[in-house]
Amino acid sequence: MTPRLLVFAGSIRTGAFSGKTADAAARELAMQGADVTRISLADYSLPLMNQDLEKESGVPDPAVKLAHMIAAHDGLLIATAEYNASIPPLLKNTIDWISRVTKDMQGRPFRAFKGKATALCSSSNGNYAGIRAINHLRAVLVHCGAEVVSPQCSVPRGQEAFDEAGNFRDEALQKSMSNVCAALIERARMLSGRP
C-alpha cells in the first residue's frame, strides 16, 4: 500500500524555515515511496477560534475542508516554527478549529486527528531548533488523539541549514529527516484501513 501523506508548515511567512523544512520532508517522503500532498495554511484562512462565532455560524468552511483532507490521508507531517518558545498562533488556531469538526462528509461522528499517524518537525533561527515548540505541539496533538511517531527532526540555525536547492547542508539533519519519514510511512501503513 502506498501511503497518502499530507504535509504542511505552521508558518506562512515568505522564506519561513518551517516551510523549507516541510518542503524537505515532502521530498524525502516521496523518495521513500509515499504519495505526498503539500499544502499551505495560507490557502485556508480562519478567524480566531471563538465559540460564540461557532455557535452563530458553525465551524468555518476552511477548517471543515482541512479536517476532511486530513481524514482522507493515511498520515500527516507538520513542520512547526517556534514563537516565544511555543507553537505559532496560526498553527494552534488551525488545530483548534479542526478539532471542532465532529462529523464526516456522510454526517457520521469523527475526529480528524484521532488515530492519525503523525510526524513532527521544527525549526528556528537559533540553536534550540524549535524544540520547545515541537514538544508543545506533540502534547496538543496527542490530546487530540493523534498517533505521533517518536522520531522528530529539529532544524537549528534555519538561515544556514538549507542550500540553494532547499536541501539540508548537514548530513546528520538529512539522516534525521529520513528517519522521521520512514517512521511515519511505517505507522501510516500500520494504521491505515486501506488494502
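The questions and answers below go through a predicted model of one protein.

User: How are residues numbered, and what limits apply to this model?
Analyst: Residues are numbered from 1 along each chain as its sequence is written. Because the model is predicted, local features need pLDDT of at least 70, side-chain atom pairs count only at pLDDT 80 or more, totals for chains, interfaces and linings use all residues, and side-chain values use heavy atoms, with hydrogens and water left out.

User: How many helices and strands does the protein have?
Analyst: Helices (H or I, at least four residues) and strands (E, at least two) are DSSP runs, numbered from the N terminus. From that end the elements run β-α-β-α-α-β-α-β-α-β-α-α. The count is 7 helices and 5 strands.

User: What is the radius of gyration of the protein?
Analyst: The radius is taken over C-alpha atoms, and the globule rule is 2.2 Å times the number of residues to the power 0.38. For 195 residues the rule gives 16 Å, and the protein is close to that, so it is as compact as a globular protein of that length. The radius of gyration is 16 Å.

User: Which residues of helix 4 are buried?
Analyst: Buried means under 20% relative accessible area, exposed over 50%, and partly exposed in between (1.4 Å probe, protein chains only). Helix 4 covers residues 89–98, and its buried residues are covered by elements including strand 1, helix 2, helix 3, strand 3 and helix 5. The buried residues are Leu-91, Asn-93, Thr-94, Ile-95, Trp-97 and Ile-98.

User: Is helix 3 roughly parallel or roughly perpendicular to helix 4?
Analyst: Axes are lines fitted to C-alpha atoms, for helices over the stretch in contact, and angles run from 0 to 180 degrees between N-to-C directions. Angles under 35 degrees count as roughly parallel, over 145 as roughly antiparallel, 65 to 115 as roughly perpendicular and the rest as oblique. The two axes come within 9 Å and cross at roughly 80°. Helix 3 is therefore roughly perpendicular to helix 4.

User: Which residues make the contact of helix 3 with helix 4?
Analyst: Contact means heavy atoms within 4.5 Å. Helix 3 supplies Ala-63, Leu-66, Ala-67 and Ile-70. From helix 4 come Thr-94, Trp-97 and Ile-98.

User: Is Ser-124 buried or exposed?
Analyst: Ser-124 sits in the loop between strand 4 and helix 5. Beyond its neighbours within four places in sequence, Ser-124 is in contact with residues including Phe-17, Val-155 and Arg-157. Its relative accessible area is 11%, so Ser-124 is buried.
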